[in-house]
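Hi,

Here is the structure I promised to pass on. Have a look at it first, and then read on for what turned up.

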Amino acid sequence: MDNQKEYRYLTNINSPQDLRKLKTEDLPEVCQELRKDIINELSHNPGHFASSLGVVELTVALHYVFDTPYDRIVWDVGHQAYGHKILTGRRDQFCTNRKFKGIRPFPSPFESEYDTFTCGHASNSISAALGMAVAANKNKENRKIIAVIGDGAMSGGLAFEGLNNASSTPNNLLIILNDNNMSIDHSVGGMKQYLLRLNTNSLYNRIRFCLSNTLSGWGILNAKRKNSILRFNNSLKSMLTQQQNIFEGLNIRYFGPVDGHNVEELIRTLKDIKDLKGPKILHIHTVKGKGFKPAEKSATVWHAPGLFDKETGERIIKDTEGLPPRFQDVFGETLVELAEKNEKIVGVTPAMPTGCSMNLLMEKMPERTFDVGIAEGHAVTFSCGMAKDGLLPFCNIYSSFAQRAYDNIIHDMALTDLNMVLCLDRAGLVGEDGPTHHGAFDLAYLRPIPNLTVCSPYDEMELRRMMYTAQLPDMGPFVIRYPRGRGRLVEWRCPLEKVEVGTARKLKSGKNLAVLTIGPIGNLAADAIEMAEKELDGMQIAHYDMRFLKPIDEKTLHEIAKTFDKIITLENGTRKGGLGSAVLEFMADNGYTPKVKVLGLPDEFVEHGSVPELLRLTGLDTESIYNDIKTMLS
């Protein structure tokens, strides 16, 4: 790792045990070195930048005060855990972060005993940590459990469910609320406004600590009197601060807010509260991107900035002149174009306006764009409510995050048969973010749901046409899925024309083999077909872009089944339950018996790496498809 020799402390910290040997007054310099190490590494090995810089002092304080890994820290989400990785024995390997076969992009129990839970999706820390705290009580273990949750993640429904349960279940959970007024984009909603107003009176804190110590010394602070004392505590707090605290209203003791960048103050506070019985929350204020001025000024841009010059702060942006656009940008620009013509269209996103390019609509029509916070289920049902009364929502959710809204898609969207559009960005393999973020399952989990139309565009023009079709009258619940990254068309603007729902396209005729694809991965199949026909003299391979998984084009499938005895299906999603399964079901139902080879993602969680590396790993790159074609024809 860069600059190891100039570190006074960090070079010799290979575990939290080494950290705890230091004096408290040494820790501010440890924080400086840790922050510098993160900046050095991420300047040339890109990753999630601003979030980890914002919690450097908290990370050091937690590992200094608590006996990790026996005591457990649950991070929410793992964007902020790079300092944690470095302090827990992975400093030498941190240069492989997010790389193929390197250390994982997010904390994972499969990588380190210090990583207590999977944390790629937001808002799950309180529930998971509460379960661990209850288990510790049941097992009579004096294990401390800490959930670290950001103000953005606190907007998720699961976080509120965990808080509600924590208030009524015996536990000693400590919740650290990292309040930086940010998730990826700026935090939104009532919780954000509440946290901005929340304060703790110093007189109140002094009285409470004195009272707690006195009552403990008298033997009065026991479980039997706990509820009455907490009620008195809440009344005292309301009187002194002139406000009711939502957390203490839930009988969760509240401490703070505390300066999250004063490591010595954090340590003092954590030591004071670590042994207190019952659930408690420590509210800290931090600055996302702390210690790197460009990131402090523009945290959204520096959430995952790519390569940059660590001295000047200048981002090293590749020249994209002449390159095809990203699918998300085609979505964003087309949505604005459609909204200008159809006044019923509104946009909905769960905290990802920049990530999905709905910020373009937000800039031009802010009154018609809704960022609902990290709340995917709510995003769907909120959209359904608007659709019920005549609006036409385009609800954009990353594919893997939409898994959290499955019941809402079935119960509120499909069952009610509403006119709305669910756009699934980042469908298929997404690359370095790994298994928590791959959009592997949407085709399989959406196909069984009645009333849905499910489609995937072959290219950018098809995306525009599908979006136009979805907003036409009486289309019902419409799902469009598309991948992360760039397409292939530099000239992508095309007339907005209707696509006939449930129809496939024959891209190329043939007689020896039919290749059926759905989505942009069909472009790789086209390349493989061209390679195969050049090498296999006389072979003619047909290529069908199925476009719609539901309803699937049965007329075209009849034609294929009557013409070909060899078929390959290809999808950038799990091979179980998607296009290949639909084709096999059709063949069986209609008495056809061709030989069918199903290509898709394997029945396992695919690791992290670049998309080309993962396509090779899973047998979905051009050469692998070519080999499957050659094997089938031989």
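Which residues in helix 2 meet which residues in helix 4? On the helix 2 side they are Leu27, Val30, Cys31, Leu34, Arg35 and Ile38, and on the helix 4 side Val56, Glu57, Val60 and Tyr64. Before going further, please keep in mind that this is a predicted model.

A bit more on that helix pair. Helix 2 covers residues 27-44 and helix 4 covers residues 56-65; they pack at an angle of about 125°, and their axes are 9 Å apart. The two are therefore oblique to each other, and the crossing of helix 2 past helix 4 is right-handed. As for the spacing of contacts along a helix, an α-helix has 3.6 residues a turn, so residues three or four places apart point the same way.

Four of its five residues are buried, so strand 1 is largely enclosed by the rest of the structure. Strand 1 pairs with strand 2 (residues 145-150) in the parallel sense, over five bridges. Within that pairing, isoleucine 73 stands opposite isoleucine 146 of strand 2.

Then there is an open sheet of seven strands, with mixed pairing and the order 7-6-8-9-11-10-15. Strand 7 (369-371) and strand 15 (548-550) are at the edges with a single partner strand each, so one side of each has no neighbour in the sheet. From one strand to the next, the twist averages 20°. Inside the sheet, strand 6 (residues 345-349) pairs with strand 8 (residues 392-398) in the parallel sense over four bridges; isoleucine 345 has leucine 392 in strand 8 as its bridge partner.

Two helices go with this sheet. Helix 20 (residues 460-470) packs on it and touches strand 8, strand 9, strand 10 (453-455) and strand 11 (477-481), with its direction at about 170° to that of strand 11. Helix 14 (residues 327-341) lies across strand 6, strand 8 and strand 9 (420-425), and runs at about 170° to strand 8.

Helix 14 has 15 residues and spans 21 Å from its first C-alpha to its last, close to the 21 Å expected. Of those 15 residues, 11 are buried, so helix 14 is largely enclosed by the rest of the structure. Among the buried ones are Phe327, Val330, Phe331, Leu335 and Leu338. Their cover includes strand 6, helix 15 (359-364), strand 8, strand 9 and helix 20.

Cheers

Note on methods
Residues numbered from 1 in each chain as written. Predicted model: local features only at pLDDT ≥ 70, side-chain atom pairs only at ≥ 80, totals over all residues. Heavy atoms only, no water. Pairing = 2+ DSSP bridges. Axes fitted to C-alpha atoms, helices over the stretch in contact; angles between N-to-C directions. Contact = heavy atoms within 4.5 Å. Buried < 20%, exposed > 50% of the residue type's maximum accessible area, 1.4 Å probe, protein only. Expected span 1.5 Å × (residues − 1). Parallel < 35°, antiparallel > 145°, perpendicular 65-115°, else oblique. Left-handed = near helix turned anticlockwise from the far one by under 90°.
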